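Please look over the sequence and the structure below, and keep both in view while you read the explanation that follows.

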Amino acid sequence: MEKVNYDKKTEEVINSLSGKPTLLLHSCCAPCSTACLERLFPYFNITVFYFNPNITESKEYYIRLDEQKRFLQEVYGDKVKLIEGRYLSREFFDMAEGLEKEPEGGKRCYKCYEMRLNETAITAKRENFDYFCTTLSVSPHKNAEWINEIGNAIGEQYGVKFLPSDFKKQNGYKKSIDLSKEYNLYRQNYCGCIYSKYAHISEEN
């Protein structure tokens with residue numbers, strides 16, 4: 001089966017727009033949001049949704065949240081708003097029960113994408129956003145096919161349009177690194193959960 005070009009699908013949606021619809025953009029962190037916002041800001045009225053119960057350590061969670069706030073304020077001022085979701089790390093651990101030994105990029109990650117996209121869609125529906133999306137696909141370590149599969153299914157479930165994307169395309173990941181350096185953003189070296197942190201430590205050793 002031929003792989004879907006989700007970046008092309010993003011362009012198709014953009015080219016079909018009349019006016020500037022609202023978009024709730026789930027963000028995992030400030031560095032990943034940089035290139036995604038640069039790409040989408042001209043076409044959407046964007047609100048960033050920071051919902052990441054997968055981040056095990058609260059100190060790490062708030063460092064990333066503060067960096068997200070700082071970046072938005074410095075670059076976009078009041079033109080991009082932020083909604084902070086609840087932070088209960090036990091939600092992630094409840095979801096991950098039985099999947100603790102899964103490798104990074106496996107079934108646990110699929111369920112984590114699903115958890116965060118589900119909450120984004122619920123929030124988008126409640127707040128009457130036209131579209132929802134996530135920054136997750138900007139990372140080369142994230143499965144864009146899974147992210148779009150989940151997003152489309154959840155969008156249909158809640159009646160909110162999911163914006164298809166593969167933000168690593170068009171040098172998106174490189175742009176995120178360059179922009180992070182430009183704005184001196186904190187860049188973590190693991191996704192967020194304790195399992196990804198251990199996996200990163202193991203790779204280094």
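Helix α2 passes helix α7 in a right-handed crossing, a term used when the near helix is turned clockwise from the far one by less than a right angle; helices here are DSSP runs (H or I, at least four residues), strands are runs of E with at least two, and both are numbered from the N terminus. This is a predicted model, in which local features need pLDDT of at least 70 and side-chain atom pairs count only at pLDDT 80 or more, while totals for chains, interfaces and linings use all residues. Residues are numbered from 1 along each chain as its sequence is written, and side-chain values use heavy atoms, with hydrogens and water left out.

Two packed helices are described by the angle between their axes and the distance between the axes. For α2 (residues 30-40) and α7 (residues 172-182), the angle is about 115 degrees and the axes are 8 Å apart. The two helices are therefore roughly perpendicular to each other, a label given to angles of 65 to 115 degrees. In their contact (heavy atoms within 4.5 Å), Pro31, Thr34, Ala35 and Glu38 of α2 meet Gly172, Lys175, Ser176, Leu179 and Ser180 of α7.

Gln188 counts as buried because its relative accessibility is 18%, the cut-off for buried being under 20% relative accessible area with a 1.4 Å probe and protein chains only. Not counting residues up to four places away in sequence, Gln188 touches Cys29, Glu60 and Arg64.

Leaving aside neighbours within four places in sequence, Leu163 is in contact with Val13, Leu23, Leu40, Phe44, Tyr131, Phe132 and Cys133.

Methods: Axes fitted to C-alpha atoms, helices over the stretch in contact; angles between N-to-C directions. Parallel < 35°, antiparallel > 145°, perpendicular 65-115°, else oblique. Buried < 20%, exposed > 50% of the residue type's maximum accessible area, 1.4 Å probe, protein only.
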